[in-house]
Amino acid sequence: MRRLTDRLTGYAEKISAALFAVMLGAFIVQIVSRYVLDDPVSWSLELCSVGYVWVVFFAGALILRPREQITFDIVYAAAAPGSRRWLALASSLSVAVMFLLGLPGTVDYVLFMGRRHTPVMGLRLDLLYSCFVLFVAATVVASLVRAVRLLGPGWRSRI
């Protein structure tokens with residue numbers, strides 16, 4: 001199972017790198033068209049924005065682990081290992097519950113946005129923001145998996 005997870009994470013990293021490459025290419029096109037050719041193109045800024053949204057939520061959903069997220073852990077760091085276990089469990093379960101409660105509204109809003117399009121390239125906004133639904137769902141699954149692992153025998157490696 002670990003090998004499959006590592007392989008899928010590798011694919012997700014490659015997709016994220018490709019999105020960054022597209023963003024960089026669009027950024028360079030914008031600089032050249034604006035400052036060298038004195039004829040700016042509008043699609044490049046929109047492509048950078050779309051790419052950024054996808055990179056942030058796609059990578060946040062599929063690549064980053066809980067330990068790699070930005071956290072405020074003053075209380076957690078000061079606690080004993082046994083207490084850390086319960087703090088991490090409470091944190092994982094609260095994140096899972098809150099995101100799960102928000103998932104139906106998120107899906108509904110993203111589907112509603114299918115009526116609108118981006119101003120320049122005409123991309124449907126439901127497709128653009130579908131990565132956020134993926135992010136919310138993956139966060140729920142990851143939080144529940146972490147909670148189950150914290151209840152298991154190898155919990156010390158999970159805190």
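User: What makes the pair Gln-30 and Ser-44 a polar contact?

Analyst: This is a predicted model. In it, the side chains of Gln-30 and Ser-44 come to 2.5 Å. The cut-off for such N or O pairs is within 3.5 Å. So 2.5 Å meets the distance test, and the pair counts as a polar contact.

User: Where is Gln-30, and what else is it in contact with beyond its sequence neighbours?

Analyst: Gln-30 is in helix α1. Leaving aside neighbours within four places in sequence, Gln-30 is in contact with Pro-40, Val-41 and Ser-44.

User: Why is Gln-30 called buried?

Analyst: Its relative accessible area is 13%. Buried means under 20%. Gln-30 is therefore buried.

User: Is Asp-38 buried or exposed, and how do you know?

Analyst: Asp-38 is exposed, because its relative accessible area is 66% and the cut-off is over 50%. Asp-38 sits in the loop between α1 (2–36) and α2 (43–62).

User: How do you know how many disulfides the structure holds?

Analyst: The structure holds zero. Cys-48 is in no disulfide, and the nearest cysteine sulfur, that of Cys-131, is 16 Å away. A disulfide needs two sulfur atoms within 2.5 Å. At 16 Å, the sulfur of Cys-131 is therefore too far from that of Cys-48 for a bond.

User: Are these two cysteines buried or exposed?

Analyst: Cys-48 has 15% relative accessibility, so it counts as buried. Cys-131 has 1%, so it counts as buried too. Both values are under 20%.

User: What makes Ser-92 buried, and which helix holds it?

Analyst: Ser-92 lies in helix α4 (residues 81–112). Its relative accessibility is 5%. The cut-off is under 20%, so Ser-92 counts as buried.

User: How do you know that the side chains of Ser-92 and Arg-146 make a polar contact?

Analyst: The two side chains are 3.5 Å apart in this contact. The cut-off is within 3.5 Å, so the pair counts. Leaving aside neighbours within four places in sequence, Ser-92 is in contact with Ser-143, Arg-146, Ala-147 and Leu-150.

User: Why is Pro-119 called exposed?

Analyst: Its relative accessibility is 77%. Exposed means over 50%, so Pro-119 counts as exposed. Pro-119 is found in the loop between α4 and α5 (125–151). The C-alpha atoms of Pro-119 and Gly-25 are separated by 20 Å, and the two residues are 94 apart along the chain.

User: What about Leu-125: buried or exposed?

Analyst: Leu-125 is buried, because its relative accessible area is 11%, under the 20% cut-off. Leu-125 is placed in helix α5. Leaving aside neighbours within four places in sequence, Leu-125 is in contact with Met-113, Arg-116, His-117 and Thr-118. Its C-alpha atom is 8.9 Å from that of Phe-112, 13 residues away along the chain.

User: Which residues form the largest nonpolar core, and what makes them a core?

Analyst: The five are Ala-61, Leu-103, Phe-135, Val-136 and Ala-138. Helix α5 gives the largest share, three residues. In soluble globular proteins, nonpolar side chains tend to be buried together.

User: Which residues does Ala-61 contact?

Analyst: Leaving aside neighbours within four places in sequence, Ala-61 is in contact with Leu-134, Phe-135 and Ala-138.

User: How does the radius of gyration of the chain compare with that of a compact globule?

Analyst: The chain has 20 Å. A compact globule of 159 residues would have a value near 15 Å. The C-alpha atoms fill a box of roughly 65 × 35 × 35 Å along the principal axes.

User: How many helices and strands does the chain have, and what share of its residues is buried?

Analyst: The chain has five helices and zero strands. Of its 159 residues, 30% count as buried. The chain exposes about 10800 Å², and carbon and sulfur atoms supply 69% of that area.

Definitions and conventions:
Residues numbered from 1 in each chain as written. Predicted model: local features only at pLDDT ≥ 70, side-chain atom pairs only at ≥ 80, totals over all residues. Heavy atoms only, no water. Helix = DSSP H or I, 4+ residues; strand = E, 2+ residues; numbered from the N terminus. Buried < 20%, exposed > 50% of the residue type's maximum accessible area, 1.4 Å probe, protein only. Polar contact = N/O pair within 3.5 Å; in protein donor to acceptor, adjacent residues only side chain to side chain. Contact = heavy atoms within 4.5 Å. Core = buried A, V, L, I, M, F, W, Y, C linked by side-chain atoms within 4.5 Å. Rg over C-alpha atoms; globule rule 2.2 N^0.38 Å. Areas by Shrake-Rupley, 256 points an atom, 1.4 Å probe, with all protein chains shown as cover.
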